[in-house]
Amino acid sequence: MMENRFDLYDLPEGHAERFQEKLTVRLARQHRRKLVFRWTAAAAGVVLIAWIALDRDTYFWRAHSPEAVYTSYLEQVGDLYRLVANNSDNDAVDWEALLHELTDENVSLYDQLPEDLPEKEKTDILKRYYGEVLDEAEQIKENMNKKE
């Protein structure tokens, strides 16, 4: 049976101090890493919560009823039409036609929703649908600005 060398011989002079110094440095590094990880995780959590909260409500953050969502949507589409009308001089692309194709509805989704559907559900459906339409309209706006 082989015995451990540490059991047979004395440790070299200063070994305990060098060991303690290395251990202190390593523990300090681990502590800093834990702090950085915790702060990074906390910041990521805050960003995720903000992103979830603001994702689809970007256009309708003050609208809390189906009527308010639809009214806000119509106002924003009107703003886009005014912007297109003011910037479409001598343009090769018919931005107004593109916007019309995107936003035109024979019967609005607002009018198609069942009466017995809860208000909260109607509001969520309209925010999601019209939010996607406005996302695409923003792409038209960005492309129009690139052409200038």
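# Charges and rings in a predicted model

The structure holds 3 salt bridges. A salt bridge here is a side-chain nitrogen of Lys or Arg within 4 Å of a carboxyl oxygen of Asp or Glu. The structure also holds 6 aromatic pairs. This is a predicted model: local features need pLDDT of at least 70, side-chain atom pairs count only at pLDDT 80 or more, and totals for chains, interfaces and linings use all residues. Residues are numbered from 1 along each chain as its sequence is written, and side-chain values use heavy atoms, with hydrogens and water left out.

- D79 and R82 meet through their side chains in a salt bridge (2.5 Å, N to O).
- Both residues lie in helix α3, 3 residues apart, about one turn of the helix. Helices (H or I, at least four residues) are DSSP runs, numbered from the N terminus.
- D79 has a relative accessible area of 44%, so D79 is partly exposed. Buried means under 20% relative accessible area, exposed means over 50%, and partly exposed lies in between (1.4 Å probe, protein chains only).

- K122 pairs with E119 in a salt bridge, and their closest N and O atoms are 3.8 Å apart.
- Helix α6 (residues 119-147) holds both K122 and E119, 3 residues apart, about one turn of the helix.
- K122 counts as buried because its relative accessibility is 9%. E119 is partly exposed, at 43% relative accessible area.
- D124 forms a salt bridge with K120, where the closest N and O atoms are 3.2 Å apart.
- D124 and K120 also both lie in helix α6, 4 residues apart, about one turn of the helix.
- K120 has a relative accessible area of 59%, so K120 is exposed. D124 counts as partly exposed at 30% relative accessibility.

**Aromatic rings**

- A pair of aromatic rings is described by the distance of the centres and the angle of the planes.
- Rings of Phe, Tyr and Trp (its six-membered ring) pair if their centres lie within 6.5 Å; planes under 30 degrees apart count as stacked, over 60 as edge-to-face and the rest as tilted.
- The structure's 6 aromatic pairs include Y70 with Y110: the ring centres are 5.1 Å apart and the planes are at 5°, so this pair is stacked.
- Y70 lies in helix α3 (residues 66-87) and Y110 in helix α5 (residues 109-112), so the pair ties together parts that are 40 residues apart in sequence.
- Y70 counts as buried at 17% relative accessibility, whereas Y110 counts as partly exposed at 25%.
- One aromatic cluster is formed by Y70, Y73, Y110, Y129 and Y130.

Key. Helix = DSSP H or I, 4+ residues; strand = E, 2+ residues; numbered from the N terminus.
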